[in-house]
Amino acid sequence: MSDNRKQGIPRRTFLKVSVALGATAVLGGCAASDEVPVPERNGAAPVPEDDASGGAIPDPPLPYDGVFPGHEPYGEGIGACPGRVVWEHDAATVAWDGEGYWWRTENFDEEAVQRLVDDAIAVLGGQDSAAAGWQELFRAHNERSGRLGGYQPGQTIAIKANINGSGVFGDDDSGETQLSYTNPVLLRALIASMVEDASIAAGDIVVYDASRLFPRPLVEYVRQGDLADVRFVGRDTAVADESAPIRWSHKFSGSTCYLPTCVTEADYLVNLANLKGHSYGITLCGKNHFGSFLNGNEPAVTERNGALRNNPNVENYLHEAALAAAGSPSGAVYGAAVGASPANLGVHEHWNNAAEKLYGRNLGRPEGIELVAREFGASG
């Protein structure tokens, strides 16, 4: 670390971004916009009959069909465009035929992946370019955290990758596995956008997973060219910050968990979750942080959660995060071992149904999520 970089454990704040290949989802966004596309219902819409007054009879609203109990928005939207989530898709990004390893770069259209990332950052910040989008995201985050301005040269960014499925549990760093982990092409595209559009020095970016070793092919691919100075911190190089212990809401036996220094010394944290199926439901941003613990003795699950339908337990961390400072559903009081106690971390709700995919702000309500869904491909 250079002499002009901050030392110790000052009050840190985190920029929370979750990006997935083909579906970029980031918590924090804009008020509802007339430009937000409204997905059409599946199949042809029925031709409405006329009512007695001569007007068309509107279709009845589609019922809520979520597997979790529906509820009003929990928490409040935050970010440059409060509550905005950007979901982008382009079928041209992947052309894997099932042969060989999925993660080999020849299976991906690197330019298409970069286009998705750049566009998503711009839209998330309510801007016309990735460069302006990044600065607006940093500015809005810093304002909420009591800091002025956007990103400043020399500030550091930690990116939490998910290397859990790499199969690298020992000293083998070949990464040759079919299991899912952070996509190398997506990771490089995200970092390239930071360097080229947000003017962040590659050496001020660290990618980490304190529970695994990074596959050598992934590291070599990401570090090509202008990104040669990007740092990687894995299980073999992570250093515990003993002034930043993890304090659980329930007592349990075992060693104390700590955050790694690459996290506590960072100015911003990007959560690059690997959105995938899981035996407990879909793996999202919260579980990704199991790889942020050193000693890794989080409380053990003694039995599998019940069926997803009408069972709020699988998503209870989202309820807790949205209401952390306003009376959490569990009754836990969240303090802080380092820095200030956490504020509410955003807004959580469910869409109206799987056909229309509309959230509160899409429906013109003052609070909730605003989903911006964008499709790219042959038609542009």
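Are Phe-138 and Tyr-268 buried or exposed? I found that Phe-138 is buried, and so is Tyr-268; buried denotes under 20% relative accessible area, exposed over 50% and partly exposed in between, with a 1.4 Å probe and protein chains only.

I note that the model is predicted, that local features need pLDDT of at least 70 and side-chain atom pairs pLDDT 80 or more, while totals for chains, interfaces and linings use all residues. Residues are numbered from 1 along each chain as its sequence is written, and side-chain values use heavy atoms, without hydrogens and water.

Rings of Phe, Tyr and Trp (its six-membered ring) pair if their centres lie within 6.5 Å; planes under 30 degrees apart are stacked, over 60 edge-to-face and the rest tilted.

I looked up Trp-134 and Phe-138, which are stacked at 5.9 Å centre to centre with 25 degrees between the planes. Both lie in helix 2 (residues 130-144), four residues apart, about one turn of the helix. Helices (H or I, at least four residues) and strands (E, at least two) are DSSP runs numbered from the N terminus. Trp-134 counts as buried because its relative accessibility is 1%; for Phe-138 the relative accessible area is 0%.

I then recorded Phe-138 with Tyr-268 as an edge-to-face pair, 4.8 Å centre to centre and 65 degrees between the planes. This pair links distant parts of the chain, helix 2 and strand 10 (residues 268-271), with its members 130 residues apart.
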